[in-house]
Structures are given as C-alpha cells and as structure tokens.
Amino acid sequence: MPGKPVLHYFNGRGRMEPVRWLLAAAGVEFEEKFLKTRDDLARLRNDGSLMFQQVPMVEIDGMKLVQTKAILNYIASKYNLYGKDIKERALIDMYSEGVADLELMVLYFPHMPPGEKDAALATIKDKARNRYFPAYEKVLKSHEQDYLVGNRLSRADVSLVELLYHVEELDPSALANFPLLEALRTRVSNLPTVKKFLQPGSQRKPFDDAKCVESTKTIFS
Amino acid sequence: METKPKLYYFHGRGRMESIRWLLAAAGVEFEEEFLETREQYEKLQKDGRLLFDQVPLVEIDGMPLTQSRAILSYLAAKYNLYGKDLKERLRIDMYADGTLDLMLMIAQAPFKPPKEKEESYALVVKRAKTRYFPVFEKILKDHGEDFLVGNQLSWADIQLLEAILMVEELSAPVLSDFPLLQAFKTRISNIPTIKKFLQPGSQRKPPPDAHYVEVVRNVLNF
C-alpha cells in the first residue's frame, strides 16, 4: 500500500536537508523518523535497513533507499524535475553536483571541531563568492531564462536556491553581486510548494545548533 | 560523424579513471589531453570550459561536461548501461555511489601525510571487506544472476570491477571470503571490451606515484 515516504535521519539538516527540500518542492508529503540514540542507529543497521550501514535512508515505493545522490536522482525523476532528455539531465547533474559540493561544506560546518571552523568559513565564503555563484549567475545570464535548464523548474534550481539560503546564513552579503541568482531565489521561493516549505512549522530544519551537534556525535560515535 | 570524446585530466587515475573504464567498457574510443603544468590548467580556466574551475573535463556531444558523477551518469545513459527503467537505474545509482565512496578514499589517500595515508589504505581494505563487498556478494547470491542489476551489464558492474581491482592492489587476498565476487571478477574481466582495457598499452592508468602527486599539487597549487 503506497504510503508517504519516510525519512530516517537525525533531527537536523546534515545530508538529509536537500532531500527534504526536493520532496517539499515536488509537493510530496513525507514523514520523518528521527534517530536520537546510538541504539536507534544500531537497530536500523541490525535489521538490514541500511545497505551500507549509513543514513540518510528513505523508505519510498516499497524500497529502502540509501546514498543521498541516488535518492535525489530517484525523486527528481519520479516528480519530473530532471529535464526532458539525456542532455538536459547532464546539465542538471553538472549544476546539481556543483551545488552539492559547496552544500556539503556548509552542512558539515556546524559539526566541525571549533579550531577548524574559522578556516572552513573562510573557504565557504571564498568558494561561494568566487567559484560557484559566478558560475550559476553566468548560466542564467547566458540564456536569460527563468530557470537553469530547459526553461522550466528542475532539481538544479531547487538545490541551488536551498544553497543560497544556507550560505546567506553564514555570509549575509554573499548574494550582493548576483542579481540573477537573487531573482531565481525569489521566483522559486514564490512557488506555492516552496513558499509553504519556507514558512515556520514546516519540516525544514534550522541551522544545526550545538544541541543537534552534540546529539549527532553520540549517535554516530 | 561523431567526434571522439576528449578527456582533460592528469596522467593518472584520480577522479577520471571511472570515466575511462566506462567509455572503454562501452567500446568507445576517446582522446586524452594530460595536464602537466599550471599554465595548461589556467588556459582551460580562461577558455571558460571548466564550469567550476575543476577537472575532470570531458568534451562530448558538443558539451564541456565537468563533475565526474554527472559525466558518468551521462555516459551510462548514452551507452545503455543504466538499466531499463527508473527502479533499475535507482539500484545502479545506489551500488555505483557506494563503490565511488570507496574509490574516492583511495584517490585521496596519496595526498595525505605518510602515516595518515597508510591509515586510509587500511580503512579502505576494512570497509571493503566489512561494508561494501558483503553487500554485493549478497546481491549476487540473492538473484543468482551474472550481473548486479537486471541481468545485463550496467555501470554498477563496471564500477564494482574497478573497485575490486583497486582494493586488490592494496590487499591481494581481499576477495578470499567472497566466492561470488571472485566469479564476478573473472566474468566481467572477460567481456571483450573490458579484457582489452585490462591489457598493457590501453588507456588505463597505473596507481598514483610520487611524481603524480607532485604534478597534481603543482597544477592545482596546493
């Protein structure tokens, strides 16, 4: 019996946040089971639910999916957010992978040892302002369309907009010189499903705070 | 007439090797330009073909593609190595991503200080034996078929063979507890295109040595 997808992760952003964004943007309701203790993780491992002993894991369509990229690929395909052909998919993949590279640094940042945080933040700011944001601004400028690929919303737009919000939390003026990125963010944020997700009370997770970091240390130790 | 894909990378495995494997297995001839100097790299950047100023770069079908995983997915789809439907593609993605995680650990190890490098290699072997290989052994056992997904060759099989051979370079007896993987290794290695790629003189690259590490450090300036 098809039920809602169930997300298994700790109660924080980590590697699951892009999955939440994509499901939400696609208008898919989902449930979450939060790992709170080491036993929760052990239980999932012992009952064979985690192919490579790792989370994220998403129960969907009778399957237990692992590997964040595989999960995102499946959701994007299923909900028509992956372009119309193999060439569009290549561009979407390339753009999404770039976002994922920076997003990984951003999502991991709260969990870093205190002594490494300053350097990590400097790297994030530098990469965002000098490598990634210029690249996407240039893509948008090159075709002057409303979305990154194929003149319609794809997972690349959703994950890029997610990244813009996350980077801005760490570097408030990061978007200052990127008008087309700002316009994309506004446009995507105004889509009904995304607008709803951006409101308080949604399943969007706040910045992983000290309590969350402590809790994940315990679960994954 | 289709021009051959062209690969831009260092003369070594790194993040390009899986792409070479996939092209070779698909029987696709490709050209390579090897980065040896910082000037070459800066020229590629100035030419605007590196979206995020990074290699690997593969020019194929009129597109300058970067991001190795995007390139691999494109090639898998183009050359019918991505299963027959969404659910098969999903399984191929999960298996390929798992093996890519393992191979990335191997690719990054040479750039670490000697002690950490040895620890990385030891962890790779441990992960292979306890986390990854048991999964694939079970998959093969459960369906009894020759290939990981859908009873036909896919990207996942090619990726797994590459990973097996790389881990065997670190620890020759690593497959000793996995009889089905041993048979798998022989079977996939004997596919004509792959057999050819495994022979000396092919475009397959050797394991990284000190010279390779030095070139990469110079070109990428780290």
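**Reading helices, an interface and salt bridges**

Q: Which residue follows helix α2(A), and is its phi positive or negative?
A: In this predicted model, α2(A) is followed by G48(A), and the phi of G48(A) is positive, near 75 degrees.

Q: How should I read the sides of a helix, and which residues of α2(A) are buried?
A: The general idea is that an α-helix has 3.6 residues a turn, so residues three or four places apart point the same way. In helix α2 of chain A, which covers residues 38-46, the buried residues are D40(A), L41(A) and L44(A). Looking down the axis of α2(A), one finds these buried residues within an arc of 95 degrees, so they line one face of the helix. On the other side of α2(A), the residues D39(A), R43(A) and N46(A) are exposed.

Q: How is the size of an interface given, and how much area do chain B and chain A bury between them?
A: The size of an interface is often given as the accessible area lost when the parts come together. Here chain B and chain A bury about 2,800 Å² between them, and 66% of that area is on carbon and sulfur atoms. The contact takes 31 residues from chain B and 33 residues from chain A.

Q: Which elements of chain B supply the side that touches chain A?
A: At least two residues each come from β4 (63-66), α3 (68-78), α4 (86-108) and α5 (114-143) of chain B, and the largest share, 10 residues, comes from α4(B). Sorted by class, this side of chain B has 16 nonpolar, five polar and 10 charged residues.

Q: Is T99(B) buried or exposed, and what is T99(B) in contact with beyond its neighbours in sequence?
A: T99(B) sits in helix α4 of chain B, and at 3% relative accessibility T99(B) counts as buried. Leaving aside neighbours within four places in sequence, T99(B) is in contact with F136(B), Q159(B), L160(B) and A163(B).

Q: How many salt bridges does the structure hold over all chains, and what does the pair E169(A) and R13(A) tie together?
A: Over all chains the structure holds 35 salt bridges. One of them joins the side chains of E169(A) and R13(A), at 2.9 Å from N to O. Because E169(A) lies in helix α6 and R13(A) in the loop between β1 and α1 of chain A, the pair ties together parts that are 156 residues apart in sequence. E169(A) is partly exposed, at 42%, whereas R13(A) is buried, at 5% relative accessibility.

Q: Where do E32(A) and K205(A) lie?
A: E32(A) forms a salt bridge with K205(A), their closest N and O atoms being 2.8 Å apart. E32(A) belongs to strand β2 and K205(A) to the loop between α8 and α9 of chain A, so parts that are 173 residues apart in sequence are tied together. Both count as buried, E32(A) with a relative accessible area of 18% and K205(A) at 8% relative accessibility.

Conventions:
Residues numbered from 1 in each chain as written. Chains lettered and ligands numbered in written order. Predicted model: local features only at pLDDT ≥ 70, side-chain atom pairs only at ≥ 80, totals over all residues. Heavy atoms only, no water. Buried < 20%, exposed > 50% of the residue type's maximum accessible area, 1.4 Å probe, protein only. Helix = DSSP H or I, 4+ residues; strand = E, 2+ residues; numbered from the N terminus. Arc of directions from axis to C-beta. Contact = heavy atoms within 4.5 Å. Buried area = accessible area lost by both parts, 1.4 Å probe. Nonpolar A, V, L, I, M, F, W, Y, C, P; charged D, E, K, R; others polar. Salt bridge = Lys/Arg side-chain N within 4 Å of Asp/Glu carboxyl O.
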